[in-house]
Amino acid sequence: MTVLVRPKALGDYKIREFRMLIDGQWADGAEGRTIERVAPGHGVVVSRYQAATKADAERAIAAARRAFEDGPWARMTASERSLILLRAADMIAERADELAFLDAIESGKPISQARGELAGAADIWRYAAALARELSGESYNTLGEGTLGVVLREPIGVVSIITPWNFPFLIVSQKLPFALAAGCTTVVKPSELTSASTLVLGEILEAAGVPAGVVNIIVGTGPEAGAPLTSHPDVDMVSFTGSTGVGRLTMANAAQTLKKVSLELGGKNPQIVFPDANLDEFVDAAVFGAYFNAGECCNAGSRLILHRDIADEVTARIASLSAKVKVGDPLDPETQVGAIITPQHLEKIAGYVSAASNDGATVAHGGAPLDLGMGQFMTPTILSAVKPEMAVAREEVFGPVLSVLTFETTEEAIRIANSIDYGLSASVWSRDFDTCLTIGRRVRAGTIWMNTFMDGAAELPFGGYRQSGLGRELGRHAVEDYTETKTLNMHIGERTNWWVPR
Ligand code: NDP
């Protein structure tokens, strides 16, 4: 039996109204239309936004362009920019409870988890502030007596930042501070389902001293407000996190003007487990990896690849642990799995489960939506006897659904792990050093965890192979991604090598 945390009615909660941030002004949309967000865990409207049209997106791009060409941001010293980013980090930490509450209520994630994400986000802003001062080029004093070569790093220009709903504040924090550290100006479009915390970030950045026009934030649907950000000629780069399908569209739109594109997309991440692994540690990590953020996580460890000798035992242990996970009210500090983002998405998750059981998979735990009287929830679900060719084993379910596949040899495990289009992350569980390194080298994914799952740090680059994306976020080179390289090739002294003989 799943442990239920029944949602409490929000009662006297007052809807928060938000405007857009364009050129340092809090503005209404050109057509005055609004978007309302219904809290997925409580079923009532909690936020109302001004909806941006194409014209609003173009106004925001024009403001970012002006701020880049004529404003102080790209010209000030790295030390000055860094100081402003540090002030922003402090203010994020000060307002962390408010921001975590907004993310929890709009995305349905548990409040305790949202607080953890806010602490991580403030740390990323501090890391980006430090990197701002490390950004440098190269010099070549080795090209001969008459030549000095200098390689400059310049901000790339106007960057569009488009983010999804599953980690609203964390994902914007993986992009924006690094673009700002490089000296870029930006237009940010969060998911229309979870825009509140990004708009509060706009208030924080204003108060921290980011000049008008450097960060513009618009809210609206992808096709209307997002698409212009991917195609407009005044945008130099698009940094996108979201589904692989919209990532592909973003790249196609950006191709018309050959913009730089950075894409963080979906994942279907294998966890390969050998019989010599510490199974106590693994089963806990498996439950965490599958159900964290209700499985609405690009890094979800949704594909267990278990050695045949331990498959039954491990599946039974995960099923019994799944029953102890607390599901329900996102605002209850005890909750571990919150609500599902929309009713339509819940239907999609349940559809994957029923298709898999029709095709011969066995439901070892869960398998159906949960009616908790308000909002929409899914029971943590584990499916065994899954075949590698089933949709549930290949596609991103983006819900708390774990598929169990089996293997006999290391080669077979690697082949199954690499047999799909995604390559975001993977894990290997074994006490044998050779086994871990073999999997680490041969599985094609941007992050491989060894005897752990989903640990991360601002210092470690993150991104995907193949259809999980292009480019890397975080890490030492994150700021460089938002720069252009310029070569200064300088002649020194009297010219001695004439082209036309003298
Ligand atoms: P979507 O791709 O649907 O949306 C992502 C963002 O793109 C949203 O802001 C959306 O706007 C916008 N968008 C939609 N259509 C367009 C368009 N035509 N032009 C420009 N922008 C558009 O993803 P979800 O929001 O559903 O997020 C879930 C996905 O994100 C999953 O596939 C997940 O794997 C991926 N993800 C990847 C991560 C990674 O780092 N690899 C991390 C987190 C999530 P709106 O929704 O407002 O319409």
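Student: How many aromatic pairs does this structure hold?

Tutor: The structure, which is a predicted model, holds nine aromatic pairs.

Student: What makes the pair of F18 and Y49 stacked?

Tutor: The ring centres of F18 and Y49 are 5.3 Å apart and their planes meet at 25 degrees; because centres within 6.5 Å make a pair and planes under 30 degrees apart count as stacked, the pair is called stacked.

Student: Why is it said that this pair of F18 and Y49 ties together parts of the sequence?

Tutor: F18 belongs to strand 2 (residues 16-18) and Y49 to strand 6 (residues 45-50), so the pair ties together parts that are 31 residues apart in sequence.

Student: How do you know whether F18 and Y49 are buried or exposed?

Tutor: Buried means under 20% relative accessible area; F18 has 6% and is therefore buried, and Y49, at 1%, counts as buried too.

Student: What kind of aromatic pair do F288 and F292 form?

Tutor: F288 and F292 form a tilted pair, with 5.2 Å from centre to centre and 50 degrees between the planes, since planes under 30 degrees apart would count as stacked and those over 60 as edge-to-face. Together with F167, these two residues form one aromatic cluster.

Student: Why is F288 called partly exposed?

Tutor: The relative accessibility of F288 is 35%, and because buried means under 20% and exposed over 50%, with partly exposed in between, F288 counts as partly exposed.

Student: What makes F433 buried or exposed?

Tutor: F433, found in helix 15 (residues 433-442), has a relative accessible area of 63%; exposed means over 50%, so F433 is exposed. With L437 and M450, F433 forms a nonpolar patch on the surface.

Key: Residues are numbered from 1 along each chain as its sequence is written. This is a predicted model: local features need pLDDT of at least 70, side-chain atom pairs count only at pLDDT 80 or more; totals for chains, interfaces and linings use all residues. Side-chain values use heavy atoms; hydrogens and water are left out. Patches are made of residues with over 30% relative accessible area and no salt bridge: like charges are joined within 9 Å, nonpolar side chains (Val, Leu, Ile, Met, Phe, Trp, Tyr) within 5 Å. Accessible areas come from the Shrake-Rupley method with a 1.4 Å probe; for residues, only the protein chains shown count as cover. A salt bridge is a side-chain nitrogen of Lys or Arg within 4 Å of a carboxyl oxygen of Asp or Glu. Helices (H or I, at least four residues) and strands (E, at least two) are DSSP runs, numbered from the N terminus. Buried means under 20% relative accessible area, exposed over 50%, partly exposed in between (1.4 Å probe, protein chains only). Rings of Phe, Tyr and Trp (its six-membered ring) pair if their centres lie within 6.5 Å; planes under 30 degrees apart count as stacked, over 60 as edge-to-face and the rest as tilted.
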